[in-house]
Amino acid sequence: MASSAGQIASTLSYSSTHTTRVLLKTILTPAGEDGSGWLGRRVLVGGWVKSFKEVFADADAPKDAVHPPPSPHDDVSSPSCLEILQCFRTIVKVLGGGVSHPGPPKLDSVNQDPPPTPPPQPSSLILQLNDGSCLASLQVLVDSSTASSSKILPTGTCILVQGTLQKLASGQRRDAVELKADGILHVGTVDQDYNSINKRIKDIPHLRPRTNTMGSVARIRDALNQATHSFFMDKEFLYVQVPVITSIDSEGFTEKFHVTTLLGSKRAKEDAALTKDDSNPIGQGTVKASFNKVGKKLEEHKGMDKSVKMDPEEIPKPATSSDLSGDFFSCQTYLTVSGRLHLEIYACSLGNVYSFGPRFRAQTSESKQHAPEMWMVEVEMGFSQLESMTSSPFQRISYEEAVAALKQVKDKKFKANIEFGMPLTTEQESYLADEIYKKPVVIHTYCKDAKPFYVRLNDDEQTVAAFDIVIPKAGTLIRGSQNEERFDVLNKRIKELGLPDKQYDWYLDLQRNGTVSHSGFCLMFDLLVACVTGFNDVKDVVELKIPEISCPYSRTGYPHWIGLT
């Protein structure tokens, strides 16, 4: 076995420096060819069996018959009917006391069953092998003497096979090739036939990438990923990483995933015991009531006249234990919603920067354009203003015009009320692009209450320098803004919204120390992949769906918690 692999390595000058295995895309998809240039070469390939066929040489058996994968227990010999009957009669006589000597009973020839006819054995096996390097599969011809059909036939079996490339048999494409196997070096068997679960294979995490659809999505996603980095590198942007775990809410009152190590710990069990005690002032009921009170107060604020400012002291704070001594972090921490604030640090030092990574929102939404974890491309540019960023051939409307257009819709009932000063929902944004304008829409000059606190306030002190780009069928693909560089204005906005000063001290310091006008935007990368591939649901282009965390939405009013172990 070792010598054979060594011979292959010595004869294949075109193989990788890390392995002697040849990728199928090298054989099947070279530029302008279809594999005929590889005829007569001996190669080592590996992959997974996508389909198979058994070929029978027996004239009485149907040729090219397709059979389901054999059971792994087929090689265990089963007792014949005669043996079972003999055993049964012996037991009856023993129980009836009629046995006078040990020998087996004699049976009449009439009662004897003929010996079973063994099933015909295939003379060769035809496998369609795919290694993931391309969509095309390589046909592999395996003689039954080379490998056991019960091990290599089930769909999903992983094999490493060596052999010689030759033309396909007559009657098939003249320009295609197949591999005539002369040795199987590895077999990764399967416990069940994947064909029986094809209707739900996309919901099985470890099988999902093996489907043609998800394989194509992964390749397109990779191409977009590389194109994104290439674009910003060509424009001389600096790529930086921002933290995933942070102690601030990057946009204000967004729904965040809290990070803690207390879940499942001894401390958590002690706290759980306390919540069962009615005398405990911070029990489960108290916490829930407190968060409900917060929600009710904020809902009341939404309906208030926007000229009436809400005193931050009137906003009730959720009842929660302030003792974090047993937690990993000494303060409340979250999975980041956005990296724009951290990017400002680099933009005010290094110029044009961008980041690319996952962002998290604990948003209770069943929208097809939202997932709890979404990858985003975030950009921040020093010495830039928004005016030059919103010049585009798309339909350009102000936030006020968008609200007016939506209010004129009579044949559509939106889930959320349309009110000036409130953020547009995903449903409302999509309706503008899909139904009203029927083309990409740029929404700009938002009301300040509809955007994060750090967005630059316009001269009218009611609107902010922000824009969103909404694409038909895909939703809001890009969100951008010019950020506030004026310390006094920014500090006032933080106080108006009742945000904790200590959380944003470092951000205010940035405006005290040589700040500059800066703008940026974030691109929803997962939505871009869905748009390019034609999927309506962004969750369908997520590469891996883990069943245990596929739906982490909370509908109880509690904060969302992510446990770290």
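Tutor: Start with the terms. Helices (H or I, at least four residues) and strands (E, at least two) are DSSP runs, numbered from the N terminus. Keep in mind that this is a predicted model.

Student: OK. How many helices and strands does the protein have?

Tutor: The secondary structure consists of 13 helices and 17 strands.

Student: And how much of the protein is buried?

Tutor: Of its 565 residues, 41% count as buried. The accessible surface is about 31500 Å², and carbon and sulfur atoms account for 54% of that.

Student: What about contacts between residues at least 6 apart in sequence, how many join residues at least 24 apart?

Tutor: That share is 70%.

Student: Next topic, the largest nonpolar core. Which residues touch the most other members?

Tutor: Tyr399, Leu424, Ile443, Tyr446 and Phe453 do, in a core of 34 residues. Among the elements that each supply at least two residues are helix H10 (426–436), strand E13 (441–447) and helix H11 (487–496). Helix H9 (399–407) is also one of them, and H9 gives the most, with five residues.

Student: What does Tyr399 touch?

Tutor: Leaving out residues up to four places away in sequence, its contacts include Phe420, Met422, Leu424, Ile443, Tyr446 and Cys447.

Student: I clicked on Glu380. Where does it lie, and is it buried or exposed?

Tutor: Glu380 lies in strand E11, residues 373–382. Glu380 counts as buried because its relative accessibility is 0%, and the cut-off for buried is under 20%.

Student: Which side chains does the side chain of Glu380 make a polar contact with?

Tutor: One is the side chain of Arg340, at 2.7 Å. Another is the side chain of Asn483, at 3.3 Å. Not counting residues up to four places away in sequence, Glu380 also touches others, including Phe237, Leu343, Val353, His518 and Gly520.

Student: Switching to helix H13. Which of its residues are buried?

Tutor: H13 covers residues 525–533, and its buried residues are Phe525, Asp526, Leu527, Leu528, Val529 and Ala530.

Student: What covers them?

Tutor: The cover includes helix H5 (212–234), strand E10 (353–360), E11, strand E15 (475–483) and strand E16 (518–524). H13 is followed by Gly534, which has a positive phi near 85°.

Student: Which residues other than glycine have a positive phi?

Tutor: Phe383 is one of them, with a phi of about 55°. Lys438 has a positive phi too, near 55°. For background, most residues other than glycine have a negative phi.

Student: Where are Phe383 and Lys438?

Tutor: Phe383 is in the loop between E11 and strand E12 (395–398). Lys438 is in the loop between H10 and E13.

Student: Are they buried or exposed?

Tutor: Phe383 is exposed, at 71% relative accessible area. Lys438 is exposed as well, at 57%.

Student: Last one. How many cavities of 30 Å³ or more are there?

Tutor: The count is one. The largest cavity holds about 30 Å³ of space. Its lining includes Lys368, Gln369, Leu527, Ala530 and Phe535. Leu527 and Ala530 are also among the buried residues of H13.

Note on methods
Residues numbered from 1 in each chain as written. Predicted model: local features only at pLDDT ≥ 70, side-chain atom pairs only at ≥ 80, totals over all residues. Heavy atoms only, no water. Core = buried A, V, L, I, M, F, W, Y, C linked by side-chain atoms within 4.5 Å. Buried < 20%, exposed > 50% of the residue type's maximum accessible area, 1.4 Å probe, protein only. Contact = heavy atoms within 4.5 Å. Polar contact = N/O pair within 3.5 Å; in protein donor to acceptor, adjacent residues only side chain to side chain. Areas by Shrake-Rupley, 256 points an atom, 1.4 Å probe, with all protein chains shown as cover. 1 Å grid on protein atoms, 1.4 Å probe; cavity = no way out; pocket = protein on both sides within 12 Å on 5 of 7 lines; lining within 4 Å. Points joined across faces, edges and corners; volume = space filled by probe spheres on them.
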